[in-house]
Amino acid sequence: QVQLAESGGRLVQAGDSLRLSCVASGRTFTYSTMGWFRQAPGKEREFVAAISWSGGTTWLTNSVKGRFTISRDNAKSTLHLQMSNLNFEDTAVYYCAAEGVRGTVGSSTYNRAEVYAYWGQGTQVTVSS
């Protein structure tokens, strides 16, 4: 079993930067592909970013490319999402996710929420204009 705990969400102004963190516990974090998803009010959960277990491969949804960076520190079992130039459309609850069976999440599945086995409770990011 894996427990994921997100932190860092808060109210910011448009144009600001923010870093979200997700600490994993309960199982070896090192070999799991990890991801960030978000859900805005009245909308479905959507993919934001994902990173391979080594950190060597990252995927970002088009709307955040050039503004968001995903990274991980396996020694600290921590996943990060560095967000810059935030805008109103980035307002959402951000969720950290981890794959269950190693290899489940790959180049053709990284953006599909259903392939991630473990989820955090989410952290709210609100961007005011």
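**Entry 1**

I started at Glu99, which stands opposite Tyr116 in E10. The model is predicted, so I noted the limits: local features need pLDDT of at least 70, side-chain atom pairs count only at pLDDT 80 or more, and totals for chains, interfaces and linings use all residues. Numbering runs from 1 along each chain as its sequence is written, and side-chain values use heavy atoms, with hydrogens and water left out.

Strands here are DSSP runs (E, at least two residues), numbered from the N terminus. I took two strands as paired if DSSP finds at least two bridges between them. On that basis E9 and strand E10 (residues 116-119) are antiparallel partners over three bridges. Three bridges also join E9 to strand E11 (residues 123-128), again in the antiparallel sense. There I found Tyr94 opposite Thr123 in E11.

How many residues of E9 are buried? I count a residue as buried under 20% relative accessible area, exposed over 50% and partly exposed in between (1.4 Å probe, protein chains only). Seven of the eight residues of E9 are buried, and the strand is mostly covered.

**Entry 2. E4**

I then followed E9 (residues 92-99) across to E4, to which it is joined by six bridges, running antiparallel. Gln39 has Val93 in E9 as its bridge partner, and Gly35 stands opposite Ala97 in E9. Gly35 also stands opposite Ala50 in E5.

E4 pairs with strand E5 (residues 46-51) in the antiparallel sense, over five bridges. The two form a hairpin with six residues between them. In its turn I noted Gly42, with a positive phi of about 75°.

Why is E4 largely enclosed by the rest of the structure? Strand E4 (residues 34-39) is enclosed because five of its six residues are buried.

**Entry 3. The largest pocket**

I looked up the largest pocket next. The search uses a 1 Å grid over the protein atoms alone; a pocket is an open set of points with protein on both sides within 12 Å along at least five of seven lines, whereas a cavity is a set where a 1.4 Å probe fits but cannot get out. Lining residues have an atom within 4 Å of a point. Volume is the space filled by probe spheres set on the points, which are joined across faces, edges and corners.

The largest pocket holds about 160 Å³ of space. Its lining includes Arg38, Gln39, Ala40, Pro41, Lys43, Glu44 and Glu46. Phe88, Glu89, Thr91 and Ala92 also line the largest pocket. By class I have five charged, four nonpolar and two polar residues in the lining.

**Entry 4. The four-stranded sheet**

I traced an open sheet of four strands in the order E1-E3-E8-E7, with antiparallel pairing. E1 pairs with strand E3 (residues 18-25) over five bridges, in the antiparallel sense. Leu4 stands opposite Ala24 in E3.

**Entry 5. Gly15**

Last, I checked Gly15, in the loop between strand E2 (11-13) and E3. Is Gly15 buried or partly exposed? Gly15 is partly exposed, with a relative accessible area of 42%. Gly15 touches Asn85 and Leu86 (contact means heavy atoms within 4.5 Å), not counting residues up to four places away in sequence. Gly15 and Ser84 are 7.0 Å apart, C-alpha to C-alpha, at a separation of 69 residues in sequence.

Definitions and conventions
Ala, Val, Leu, Ile, Met, Phe, Trp, Tyr, Cys and Pro count as nonpolar, Asp, Glu, Lys and Arg as charged, and the others, Gly among them, as polar.
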